[in-house]
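Load the model in your viewer and keep the selection panel at hand. The stops below are given in the order in which to select them.

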Amino acid sequence: MVKGALSRLAKMGGRDLALELLDRFLLEGPQHLEQAREALQGKDTLALQHHFHRICSDAGWLGASDVQAIASRAEILAEKAQLEELGSILDQLSELCYAVCMTLEQEKIRLLDPEYRPSREIVPP
C-alpha cells in the first residue's frame, strides 16, 4: 500500500512532495514514538494525543493503514485517559512503524532514481 500511496503523491504533488512526506515519517516517526513513551510514563494525555495524531496523519498520507488505525485508536484512548493499554499498543505500533520505515527506505531509493516516473494509473488506497 505504501508504494501505491507514494506513486499517487508523486503523481499529484510531484516527487519532491512524496519524498518530503517519506522523509518526515522516517525522521519524526521514531521521535513521536519515543516522546509518546515518555508522555505515557508522565501520564500526559495531551502530549500522547499529539504524538499519536501526528503518527496517524503521516501514516495516512503514506498509505500505512495498519499504523494509521492503531495510532488513531491510541489517540482516542489517550483522549479518554484510558492509559492501561497504551504500553502494549506502543510496542505494536513501534514494530509496525519499523516495518513501514524499511519499506520507505526502499521506496526512497526508487523515488530518487532519475528515471523514476509515477505510474499512469492511480492505484487505489
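Start with Cys 101, which is buried at a relative accessible area of 11% (buried means under 20% relative accessible area, exposed over 50%, partly exposed in between, with a 1.4 Å probe and protein chains only). This is a predicted model, in which local features need pLDDT of at least 70 and side-chain atom pairs count only at pLDDT 80 or more, while totals for chains, interfaces and linings use all residues. Residues are numbered from 1 along each chain as its sequence is written, and side-chain values use heavy atoms, with hydrogens and water left out.

Cys 97 is accordingly in no disulfide. Cys 97 is also buried, with a relative accessible area of 4%.

Next, select helix 3 (residues 45-62) together with helix 5 (residues 86-112). Helices are DSSP runs of H or I with at least four residues, numbered from the N terminus. How do the two helices pack? The angle is about 30° and the axes are 13 Å apart; axes are lines fitted to C-alpha atoms, for helices over the stretch in contact, and angles run from 0 to 180 degrees between N-to-C directions. The crossing of helix 3 and helix 5 is left-handed, that is, the near helix is turned anticlockwise from the far one by less than a right angle.

Show the side chains at this crossing. Helix 3 contributes Leu 48, Phe 52, Ile 55 and Leu 62, and helix 5 contributes Leu 86, Leu 90, Leu 93, Cys 97 and Leu 104; contact means heavy atoms within 4.5 Å. The contact residues divide into 9 nonpolar, no polar and no charged (Ala, Val, Leu, Ile, Met, Phe, Trp, Tyr, Cys and Pro count as nonpolar, Asp, Glu, Lys and Arg as charged, and the others, Gly among them, as polar).

Stay on helix 3 and pick Gln 49. Gln 49 is buried at 18% relative accessible area. Beyond its neighbours within four places in sequence, Gln 49 is in contact with Glu 75, Ala 78 and Glu 79.

Now select Asp 58 and Arg 24. Their side chains meet in a salt bridge of 2.6 Å, N to O; a salt bridge is a side-chain nitrogen of Lys or Arg within 4 Å of a carboxyl oxygen of Asp or Glu. The pair links Asp 58 in helix 3 to Arg 24 in helix 2 (residues 15-41), 34 residues apart. Asp 58 is buried at 5%, whereas Arg 24 is partly exposed at 27%.

Move to Glu 85 and Arg 73, whose salt bridge has its closest N and O atoms 2.5 Å apart. Glu 85 sits in the loop between helix 4 (65-79) and helix 5, and Arg 73 in helix 4. Both are partly exposed, Glu 85 at 38% and Arg 73 at 42%.

Finish with Lys 3 in helix 1 (residues 2-13). Lys 3 is partly exposed at 48% relative accessibility. Its C-alpha atom is separated by 6.9 Å from that of Glu 107, 104 residues apart along the chain.

Notes: Disulfide = S-S within 2.5 Å.
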